[in-house]
Amino acid sequence: GCILRFYNNRFKIEVRRAQAAVRMPEITTDHLDEKQVQLLAEMCILIDENDQKIGADTKKNCHLNANIDKGLLHRAFSVFLFNSEEKLLLQQRSDAKITFPGCFTNTCCSHPLHTDSELEERDALGVRKAAQRRLQAELGIPLEQVPPEEMTYLTRIHYKAQSDGVWGEHEIDYILFMQKDVELSPDPNEIKSHCYVSKEELKAMLDKAERKELDVTPWFGLIANTFLFKWWDNLHNLKRFMDHSNIHRM
């Protein structure tokens, strides 16, 4: 009996060692920006591939490649804000950002939260309220200058992209357009720089990105190379491009 017991113990120890070897490494956030880490606790809206709500999970879990590889998908939005000269406001994400730091992108990109007001699906009202909240948080735009009812919800895109070995994106992204002259007071923890660009200036930036001379976020690159310029040419006639029944798989 004594030998058998010893064998069992040794066997258990070896099994335990084998399990430890295949266990996922613990994701540490110690080296990341403290303010950005706090935002990882926010609850995002989990959806299926048809944008039907199926639950909620933390921003952290939604952006881990290990979960994305298993199909975890959340709802997001991208705002394209134009001024009265029809120039598009771009931002460069701060180096503190956990995904795609230092990349140039459209005006504002974020997530509606799993709260009553931002879960409202009628006319994408929850998403538009979330956009108003984040335009203030990131760019310091006063809430009254970006009311949800002045945002045009065009369509949705579905894309997936890795930022690095640990973090990534997997979203169904609501595209919101708005034309307004606004006051800006960007939060440096969110935004490294910002600028208004003409179509020609953006095309030059995209050419630079092709040559790896600057970085753009994957979703902005996808939208810019497919739909953006067609929509931009029709800022005063966007109704004909509104498509709320299809989700564009990119």
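I looked up E213 to begin with and found it partly exposed, with a relative accessible area of 48%, where buried means under 20% relative accessible area, exposed over 50% and partly exposed in between (1.4 Å probe, protein chains only). The side chain of E213 meets that of R211 in a salt bridge, 2.8 Å from N to O, a salt bridge being a side-chain nitrogen of Lys or Arg within 4 Å of a carboxyl oxygen of Asp or Glu.

I note that this is a predicted model, in which local features need pLDDT of at least 70 and side-chain atom pairs count only at pLDDT 80 or more, while totals for chains, interfaces and linings use all residues. Residues are numbered from 1 along each chain as its sequence is written, and side-chain values use heavy atoms, with hydrogens and water left out.

**Salt bridges**

I counted 12 salt bridges in the structure. D51 forms one with R75, the closest N and O atoms being 2.9 Å apart. This pair links distant parts of the chain, since D51 lies in the loop between β1 (43-47) and β2 (53-58) and R75 in strand β3 (residues 74-82), 24 residues apart; helices (H or I, at least four residues) and strands (E, at least two) are DSSP runs, numbered from the N terminus. D51 counts as buried at 4% relative accessibility, and R75 is buried too, with a relative accessible area of 2%.

I then followed R75 to its salt bridge with E121, which is 3.0 Å from N to O. Here strand β3 is linked to the loop between α5 (116-119) and α6 (125-139), the two residues being 46 apart. E121 counts as partly exposed at 44% relative accessibility. Salt bridges that share partners join D51, R75, E121 and R156 into one network.

**Helix α7**

I checked the span of α7 (residues 199-210), whose 12 residues reach 16 Å from the first C-alpha to the last, close to the 16 Å expected at 1.5 Å a residue; the expected span is 1.5 Å times one less than the number of residues. L202, M205, L206 and A209 of α7 are buried. They cover an arc of only 100° around the axis, so they lie on the same side of α7, the arc being that of the directions from the helix axis to the C-beta atoms. On the other side of α7, E200 and E210 are exposed.

I also looked up what covers the buried residues of α7, and this includes β4 (88-93), β5 (104-105), β9 (191-197) and α8 (218-232), with contact meaning heavy atoms within 4.5 Å. After α7 comes K212, whose phi is positive, near 65°.

**Aromatic rings**

I found 10 aromatic pairs in a search of the whole structure; rings of Phe, Tyr and Trp (its six-membered ring) pair if their centres lie within 6.5 Å, and planes under 30 degrees apart count as stacked, over 60 as edge-to-face and the rest as tilted. The rings of F82 and F177 have centres 5.2 Å apart and planes at 45°, so this pair is tilted. F82 in strand β3 and F177 in strand β8 (residues 168-179) are 95 residues apart, and both are buried.
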